[in-house]
Amino acid sequence: MKLLEFLKRERKKSASVAKERLQIIVAHQRSQRDQPDYMPMLEKELLEVIRRYVNVGQEAINISLDREDDCSVLELNVTLPR
Amino acid sequence: MAKIIVVTSGKGGVGKTTSAAAIATGLALRGNKTVVIDFDVGLRNLDLIMGCERRVVYDLINVIQGEAGLNQAMIRDKRVDNLHILPASQTRDKDALSAEGVEKVLDALSKDFDYVICDSPAGIERGAQLAMYHADEAVVVTNPEVSSVRDSDRILGLLSSKSRRAEQNLDPVKEHLLITRYDPERVSDGDMLNLEDIQEILAINLIGLIPESEAVLRASNQGVPVTHDMKSDAGQAYTDTVSRLLGEDVPLRFHEYQKKGLLSRMFGGGRR
């Protein structure tokens, strides 16, 4: 029975894996496209400061820069551990 | 005023030079006065693909540094009347390519030609940025493969921020997607990205699709741009691409997999 299931199981086609991976990476690249050059550095230093007080990982911090008509809004989200 | 078209990709080895040579040849065959410039300083190859490597005397850097005139450096194509090649330097280092120098050369060529095709080096460094800076249109050469698609997206980012048109707030560079080395059989097996997926990810207009073809290597072996091989699928696909660049509405070919019949499987079918 197990063998039959194994044989019947559809292997995920590699091209669709490629597409999913590309959609994620391209979306990420585009979000960085219009950001100022100092953003990666700012991100890194903010993370260092926060880490001095709370032990959080890279993934717990989300920084984004949204442009509005005449100003930009820097948004910083930190998920703190309980 | 010439239209300046950069052929670029980010990733190396995807077919930039093959495409630049094929497109320039196609444009000239259609009666447009065309010059194709190799921007790959230090690693020139366009001369080989165009079959004029033994006629190179002066190059782009010589012109920029005032050691030769444009007319001395440009090589007239043996096969097509309206076609000229401006080779890159083999010996100089790439810093010899200055922004002002490139601008001067392109300004001068713009007066005499209908089309200036810039064959970009791989990468996103200075050479690639200089090749794209003055472009009115960009042909982004992409293979159906993850690293090539990602790099193409990086190049699109540069075109929209680091080009002259972007910096001077003019109409943006017109971006075209050219998919090369497409293998319909592998696509139908689900092991190669299909053209709709690539288009969806990069979100730019498709100008052409070149199938994986034996004719391309044959053409480069002989130093005859594949556009001249009108019996081949790749030659026809580049001719279609050129027609679309000229604004014609040409249906896509060579993107569907035709299952081989018994006879052609037995006898190997015709070589394309």
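User: Which residues line the second largest cavity?

Analyst: A cavity is a set of points, on a 1 Å grid over the protein atoms alone, where a 1.4 Å probe fits but cannot get out; lining residues have an atom within 4 Å of a point. In this predicted model, the second largest cavity is lined by B:G208, B:L209, B:A237, B:D240, B:R244, B:L252, B:R253 and B:F254. The model's local features need pLDDT of at least 70, side-chain atom pairs count only at pLDDT 80 or more, and totals for chains, interfaces and linings use all residues; side-chain values use heavy atoms, without hydrogens and water. Residues are numbered from 1 along each chain as its sequence is written, with chains lettered from A and ligands numbered from 1 in the order in which they are written.

User: Which element gives the most to that lining?

Analyst: Helices (H or I, at least four residues) and strands (E, at least two) are DSSP runs, numbered from the N terminus. Here α12(B) gives the most to the second largest cavity's lining, three residues; β8 (205-211) of chain B also supplies at least two.

User: What is the volume of the second largest cavity?

Analyst: A volume is the space filled by probe spheres set on the points, with grid points joined across faces, edges and corners. For the second largest cavity, this comes to about 40 Å³. The largest cavity holds about 50 Å³, and α11(B) provides the largest share of its lining, three residues.

Notes:
1 Å grid on protein atoms, 1.4 Å probe; cavity = no way out; pocket = protein on both sides within 12 Å on 5 of 7 lines; lining within 4 Å.
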